Amino acid sequence: MKRQGLAIVFCIFFLATTLISGTTLAATSTIVVTSTPFLSFTDVPDSISIGTLTVPIANTALTSDANGNLPSERHLTISDTRGCGGLTLQIQAAAFTPASTQIIPAGIRVVSSTNDQLNETVVGNVEYISGFAGDQTIAAPLNVAATTFSDSTLFTNAPFDTVDNTLTGAIDLLDGDLSAPAGRTGEMHISTSFYLLVPKLTLPDRYYTTLTYTLSDNTTGVCP
């Protein structure tokens with residue numbers, strides 16, 4: 001890292017992720033399935049390298065990916081083996097450490113996409129892996145159809161000028177609520193891409209946050 005420069009790193013973990021202020025994104029994952037039938041993660045995003053940045057003299061937007069299909073390192077796959085009930089997948093960022101009034105979760109934005117390295121069945125902006133059975137009405141509210149991931153306006157312009165894709169609170173990546181006895185059995189997939197706004201004259205340091213992915217039941221009624 002250059003002197004007086006910033007290094008930004010997002011470290012993405014199973015149900016928890018870390019981000020460094022500057023210009024890099026990184027992560028490791030641990031997947032633990034405790035029982036079946038169960039909701040679980042089978043693949044979570046890897047490290048994200050944004051690059052290097054000297055102390056900016058103007059507000060600077062950084063993005064995690066080049067244009068084109070997202071690489072396998074951005075894959076996010078979940079599994080539902082219950083056969084009854086719905087689900088919700090959310091993401092949220094914690095406050096940065098060291099504490100900063102410049103690098104803040106409100107400056108992080110996320111989008112999802114199925115423009116990636118998989119070639120599975122896409123329904124409603126969600127990819128259903130071969131062998132999947134059941135309901136395919138899951139919504140991906142932060143989906144983008146474009147592949148211009150290096151363009152910061154992809155994260156800030158319509159529809160995201162009115163739809164909140166910032167990580168100050170828990171926001172939905174997947175909304176798959178169902179009424180029992182409807183359900184799903186199999187794997188569902190999206191990929192994620194990130195944006196970070198670095199305010200001008202941000203103090204040089206390494207800033208960390210935690211990105212938390214939460215996969216939870218969202219069922220109306222009672223499954224057998």
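Asp217 forms a salt bridge with Arg82, and their closest N and O atoms are 2.6 Å apart. This pair links distant parts of the chain. Asp217 belongs to strand S15, which covers residues 208-217. Arg82 sits in the loop between strand S6 (75-80) and strand S7 (87-93). The two residues are 135 residues apart. The model behind these values is predicted.

How open are the two partners? Asp217 has a relative accessible area of 48%. Buried means under 20% and exposed means over 50%, so a residue in between is partly exposed. Asp217 is therefore partly exposed. Arg82 has a relative accessible area of 22%, so Arg82 is partly exposed too. The bridge has a further member. Asp80, Arg82 and Asp217 are linked in a network of salt bridges.

Now step back to the whole chain. It has 224 residues, and 46% of them count as buried. The chain contains 1 helix and 16 strands.

Cys84 lies in the loop between S6 and S7. A disulfide joins Cys84 to Cys223, with an S to S distance of 2.0 Å. A search of the whole structure finds 1 disulfide. Which hand does the disulfide have? The torsion about the S-S bond of Cys84 and Cys223 is about -90°, so the disulfide is left-handed. Cys223 is in the segment after strand S16 (219-220), and the cysteines are 139 residues apart. Cys84 is buried, because its relative accessible area is 9%. Cys223 has 28% relative accessibility and so counts as partly exposed.

Back to charged pairs. Side chains of opposite charge can pair when their charged atoms come close. The structure holds 4 salt bridges in total. One of them joins Arg184 and Asp135, at 2.8 Å from N to O. Arg184 and Asp135 are both buried.

Arg74 and Asp65 form a salt bridge as well, with N to O at 2.6 Å. Which are they, buried or exposed? Arg74 is buried, and Asp65 is buried too.

Another arginine meets a ring. Arg109 lies over the face of Tyr195, at 6.0 Å from the ring centre.

Rings also meet rings. A pair of aromatic rings is described by the distance of the centres and the angle of the planes. The structure has 2 aromatic pairs. One of them is Tyr128 with Phe132: the ring centres are 4.7 Å apart and the planes stand at 55°, so the pair is tilted. The reason is in the cut-offs: planes under 30 degrees apart count as stacked, over 60 as edge-to-face and the rest as tilted. Both Tyr128 and Phe132 are buried.

Next come some single residues. Thr77 is in strand S6. At 8% relative accessibility, Thr77 counts as buried. What does Thr77 touch, leaving out residues up to four places away in sequence? Its contacts are Phe41, Thr42, Asp43, Glu187, Met188 and His189.

Ser113 is in strand S8, residues 108-113. Ser113 has a relative accessible area of 0%, so it is buried. The side chain of Ser113 reaches the backbone nitrogen of Asn115 at 2.9 Å. Not counting residues up to four places away in sequence, Ser113 touches Leu70, Asn143, Val144, Phe149, Ile190 and Ser191.

Ser72 sits elsewhere, in the loop between strand S5 (60-63) and S6. With 40% relative accessibility, Ser72 counts as partly exposed. Where does sequence distance give way to distance in space? Ser72 and Asp116 are 44 residues apart in sequence, and 7.0 Å apart in space from C-alpha to C-alpha.

Methods: Residues are numbered from 1 along each chain as its sequence is written. This is a predicted model: local features need pLDDT of at least 70, side-chain atom pairs count only at pLDDT 80 or more; totals for chains, interfaces and linings use all residues. Side-chain values use heavy atoms; hydrogens and water are left out. Rings of Phe, Tyr and Trp (its six-membered ring) pair if their centres lie within 6.5 Å; planes under 30 degrees apart count as stacked, over 60 as edge-to-face and the rest as tilted. Buried means under 20% relative accessible area, exposed over 50%, partly exposed in between (1.4 Å probe, protein chains only). A charge sits over a ring if NZ of Lys or CZ of Arg is within 6 Å of the ring centre and within 35 degrees of the ring normal. A salt bridge is a side-chain nitrogen of Lys or Arg within 4 Å of a carboxyl oxygen of Asp or Glu. Helices (H or I, at least four residues) and strands (E, at least two) are DSSP runs, numbered from the N terminus. A polar contact is a pair of N or O atoms within 3.5 Å; within protein, one must be able to donate a hydrogen and the other to accept it, and residues adjacent in sequence count only if both atoms are side-chain atoms. Contact means heavy atoms within 4.5 Å. A disulfide is a pair of cysteine sulfur atoms within 2.5 Å.
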